Amino acid sequence: MKKLNYLNVVMSLAILFALSSCSKNGDKSLAQNTASKTELTDMMSEQGSNPDEASVTENTGTDGTVLNRGTNESNGHYLYTVGNGPEKNYIISYEIKSNGMLQSNGATASGGTGTGKGLGSQGALVLSKNHEWLFAVNAGSNTVSSFKVKDDGTLMLAHTESTMGKEPVSVSVHDNLLYVLNRGSDNIHGFWIGAGGSLSHIAGSTQDLSSKMVDAPQISITPGGDWVVVTEKATNIIGTFKLKNNGSVSAGKFTTSVGPTPFGFDYSRNRFMIVSNAAGGAAGAGSSTSYIIGNNGKPDAVNGAVNSNQAAPCWVATTKYGRYAFVTNTASNNVSSYYVAPWGALYLIAGEAAKTDMGPLDIVVAANNYYVYILNGKSNSISEYKRKFFGGLEHIGTLANVPISAVGLATF
């Protein structure tokens, strides 16, 4: 009888443990896919320790006004875009004033030519981690250029070099390693960054994409420097190339994307890759997906394609600490906001976090993690925003007369 009672107790405890486990798993499944506004706000608060929220607090008074932001006060930070002119390419510089407004800071010839029209890519220019160097593509002359960034934010051309391919549209840097995406020839190529911004070709760094005419929009080296990642719009593929110690890469591994027409991407929490899915520009069909890249290089979706109910989400920017992702919707003329949970799950905060001018393209978050800038292709403008709590954006101004062919944004 005692043995029977003991077995009954053990079985009861096992059942309770199983029910408890199911409940926990069920809660996590629910959290990964659905969340009420209250639940989402609770998650975003992260028990009062969300560093991206702290950045808003540091810059905003209790009445919502920006603290200590004089109109003409220098902020010591700058924003850059590629003019992409067909006869002579220029990198255009803007000073970021302390109130978030932009002021022209000159232009520097790149030693190459552009195409005179949009590139449909993310990452046409990029800054090194310490913002000592800037690198930009010359899509019309099949070259990439390096520039020394001066103390006043102006640039000095250092080196222009062939990209070993056609129509370079995107570039990425990691330490002294640079990789460029050649959309016209469907390949990638790498360089060592040397003294004085010199660019040296890396043997074995040229690798083909999954096939021809894949319409690849972006290349990026993962935060840990292990993989080179490329999205392919026409094939719905994400390519990953293993980086070797000598700077070259292995042949690509190609994975079907979760969500149609993968376009731009950025990294969140130093682990997750947030990719926009343009869905061919279909109305209301846009989404974004959070991936984690495994040791085998395969991007695994965390919680699928999260719909924004907008059209043509293309460019992505994450906040400094990776809690939020902003996605511009080129055909909807607005920007969406998402929250990225600690385990990488993506949650839509607002399909329309803010309106933009016509044809929003590239988007960046300023170095102070407070101001946000969006390049508008059809309005020839840059929209200026300040971040609000829990993924909100507030429009604060617009810079007009940006060149019609301008592409890419980079800032420090």
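Me: Which residues lie nearest the centre of the second largest pocket?
Reply: This is a predicted model. In it, Thr222, Asp226, Trp227, Arg271 and Ile293 lie nearest the centre of that pocket. The lining has 15 residues in total.

Me: Which elements give two or more residues to that lining?
Reply: Strand S18 (272-277) and strand S19 (287-293).

Me: And how much space lies in there?
Reply: About 250 Å³.

Me: What's the lining like by class?
Reply: Seven residues are nonpolar, five are polar and three are charged.

Me: Back to Thr222. Where does it lie?
Reply: In the loop between S13 and strand S14 (227-232).

Me: Buried or exposed?
Reply: Thr222 is buried. Its relative accessible area is 8%, and buried means under 20%.

Me: What does its side chain reach?
Reply: The side chain of Thr222 reaches the backbone nitrogen of Asp226, at 3.3 Å. Asp226 is also one of the residues nearest the pocket centre.

Me: Switching to the largest pocket. What's its volume?
Reply: About 1600 Å³. It is lined by 45 residues, and the closest to its centre are Val126, Leu127, Lys129, Asp266 and Tyr267.

Me: Which strands give two or more residues to that lining?
Reply: Among them are strand S4 (125-127), strand S8 (168-174), strand S13 (218-221) and strand S17 (262-268). Strand S21 (313-318), strand S25 (360-365) and strand S29 (407-411) do too.

Me: How do the lining residues divide?
Reply: There are 22 nonpolar, 17 polar and six charged residues.

Me: OK, cores. Which residues have the most contacts inside the largest nonpolar one?
Reply: Tyr80, Ile91, Leu134, Leu178, Tyr179, Ile188 and Val228. That core has 45 residues.

Me: Which other core is there?
Reply: A second, separate core has 17 residues, including Leu79, Ile92, Val364 and Tyr371.

Me: Pick Ile188. What does it touch?
Reply: Beyond four places in sequence, its partners include Tyr179, Leu181, Leu209, Val228 and Phe241. Ser205, Thr206 and Gln207 are also touched by Ile188.

Me: Zooming out, how many helices and strands does the chain have?
Reply: Three helices and 29 strands.

Me: What share of the chain is buried?
Reply: Buried residues make up 53% of the 412 residues.

Notes:
Residues numbered from 1 in each chain as written. Predicted model: local features only at pLDDT ≥ 70, side-chain atom pairs only at ≥ 80, totals over all residues. Heavy atoms only, no water. Core = buried A, V, L, I, M, F, W, Y, C linked by side-chain atoms within 4.5 Å. Buried < 20%, exposed > 50% of the residue type's maximum accessible area, 1.4 Å probe, protein only. Contact = heavy atoms within 4.5 Å. 1 Å grid on protein atoms, 1.4 Å probe; cavity = no way out; pocket = protein on both sides within 12 Å on 5 of 7 lines; lining within 4 Å. Points joined across faces, edges and corners; volume = space filled by probe spheres on them. Helix = DSSP H or I, 4+ residues; strand = E, 2+ residues; numbered from the N terminus. Nonpolar A, V, L, I, M, F, W, Y, C, P; charged D, E, K, R; others polar. Polar contact = N/O pair within 3.5 Å; in protein donor to acceptor, adjacent residues only side chain to side chain.
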